[in-house]
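I opened my notebook for a friendly look through this one. Here is what I looked up, entry by entry.

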Amino acid sequence: MQCKKCKGKLEVARSCRRVRLRCRKCGTEYRIHEVAGDLDEETEAVLEQYTVLIYD
Ligand SMILES: [Zn+2]
C-alpha cells in the first residue's frame, strides 16, 4: 500500500512487540490502527503473520 504523504511503498516494520507500517521513501511510520481502513490484501497477508503481537 502507499504512503499517504509521498505515495511511496509502505512495508511492515516489526520492532520489539510492536508492528508499524513504514514508508521506504520518506520514513514515515504509521500505526496499524491508523491505516486499518486502508489496508490492501498484500499488507493484510503480511500482518496476519504477526497476530500474536500487540497492535497498539
Ligand atoms: Zn512516504
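**Entry: a lysine ahead of the sheet.** I began with Lys7, which sits in the segment before strand E1 (10-15). I noted that the phi of Lys7 is near 70 degrees, a positive value in a residue other than glycine. Is Lys7 buried or exposed? Lys7 counts as exposed because it has 10 C-beta neighbours inside 10 Å. My cut-offs were these: 20 or more other C-beta atoms within 10 Å make a residue buried, 12 or fewer make it exposed, and anything in between is partly exposed, with C-beta atoms placed from the backbone.

**Entry: ground rules.** I kept in mind that this is a predicted model, where local features need pLDDT of at least 70, side-chain atom pairs count only at pLDDT 80 or more, and totals for chains, interfaces and linings use all residues. My residue numbers start from 1 along each chain as its sequence is written.

**Entry: the whole protein.** I listed 2 helices and 3 strands, and from the N terminus on they come in the order β-β-β-α-α. Of the 56 residues, 7% count as buried.

**Entry: the sheet.** In what order do the strands lie? I found an open sheet of 3 strands, ordered E1-E2-E3 with antiparallel pairing. E1 and strand E3 (29-31) are the edge strands, each pairing on one side only. From one strand to the next, the twist averages 35 degrees; axes here are lines fitted to C-alpha atoms, and angles run from 0 to 180 degrees between N-to-C directions. I counted strands as paired if DSSP finds at least two bridges between them. Strand E2 (residues 18-23) and E3 run antiparallel and are joined by 3 bridges. Arg22 stands opposite Glu29 in E3.

**Entry: an arginine in the loop.** I then moved to Arg24, in the loop between E2 and E3. Arg24 has 12 C-beta neighbours inside 10 Å, so it counts as exposed. Which residues does Arg24 touch, leaving aside its neighbours within four places in sequence? Arg24 is in contact with Gly8, Lys9 and Glu11, where contact means C-beta atoms, placed from the backbone, within 7 Å. I also checked Arg24 against Cys3: they are 21 residues apart in sequence and 8.9 Å apart in space, C-alpha to C-alpha.

**Entry: contacts overall.** Among contacts between residues at least 6 apart in sequence, I noted that 32% join residues at least 24 apart.

Terms used: Helix = DSSP H or I, 4+ residues; strand = E, 2+ residues; numbered from the N terminus. Contact = placed C-beta atoms within 7 Å.
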